[in-house]
Amino acid sequence: MTTTVFDSPLGLVRITGDDSGVSTISCNDGSMSESLMETPLAEPVRLAVEQLQDYFAGARQSFDFPLNPVGTVFQQAVWRALLDVPFGKTLSYMTLTRRIGDEKAIRAVAAANGRNPLWIVVPCHRIIGSDGSLTGYAGGLWRKQWLLEHEGAFARTGQLSLF
C-alpha cells in the first residue's frame, strides 16, 4: 500500500492504494506536519492525485482510475449505485434505496453511504434528503455544500438539481 496527502480547498486529502486500485480517499482539517509522499506511488494513487487536482481546478467531472474499496457485499452495491449519480445532480436517499431494490433498507443504504471510503470519487455527497435538505455527511455539511456548489448542483433558483 502507498499513501499520499495533498492540500485541497476542503482540507488535506489522503489517498491510499496499491497496484490493484485506490482503497481510501478521505479529507480532514489536519496540517501537513509530516509528509506521507512515498516514492514511487502506486499508479492508481498517482492517477487519483492528478484527477482530484483536476476536479478541484474545475477541469474534470469524472474519474477513471482503478478503485479497490473494502466493504460488505451490500456496501459495495450501494457504492456502485452512487457511481451512477451524474456530476452536478443529486438524488434522494429514498430514490437511491429504490434503485438498490428494497425501500425498507433506507437506513442501511444511508449507513453504507456514510461508510463510503472513496470521498468525492464515489459521490456520496450527491445524496440528499427527500425534502432537498443537505442531510448527513461524514466530512461535514459545509464540505457537502461546497462540493455540490462546485459541481453546479444548485439551480439558479438556489434549489438542488435532482435527477
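Biologist: Which residues form one aromatic cluster?
Modeller: Tyr 55, Phe 56, Phe 63, Phe 65, Phe 87, Trp 119 and Trp 146. This is a predicted model, where local features need pLDDT of at least 70 and side-chain atom pairs pLDDT 80 or more, while totals for chains, interfaces and linings use all residues. Residues are numbered from 1 along each chain as its sequence is written, and side-chain values use heavy atoms, leaving out hydrogens and water.

Biologist: How many aromatic pairs are there in the whole structure?
Modeller: Six (ring centres of Phe, Tyr or Trp, the latter by its six-membered ring, within 6.5 Å; planes under 30 degrees apart are stacked, over 60 edge-to-face, the rest tilted).

Biologist: Why is the pair of Tyr 55 and Phe 87 edge-to-face?
Modeller: Because their planes stand at 85°, with the centres 6.4 Å apart. Tyr 55 sits in helix α1 and Phe 87 in the loop between α2 (73-82) and β4 (91-92), so the pair ties together parts 32 residues apart in sequence. Helices (H or I, at least four residues) and strands (E, at least two) are DSSP runs, numbered from the N terminus.

Biologist: Is Tyr 55 buried or exposed?
Modeller: Tyr 55 is buried, at 0% relative accessibility. Phe 87, at 22%, is partly exposed. Buried means under 20% relative accessible area and exposed over 50%, with partly exposed in between (1.4 Å probe, protein chains only).

Biologist: And what about Phe 56 and Trp 119?
Modeller: Their planes are at 40° and their centres 6.2 Å apart, so that pair is tilted. Both Phe 56 and Trp 119 are buried.

Biologist: New topic: what is the strand order in the open sheet?
Modeller: β1-β2-β3, paired antiparallel (strands pair with at least two DSSP bridges between them). The edge strands are β1 (2-8) and β3 (21-28).
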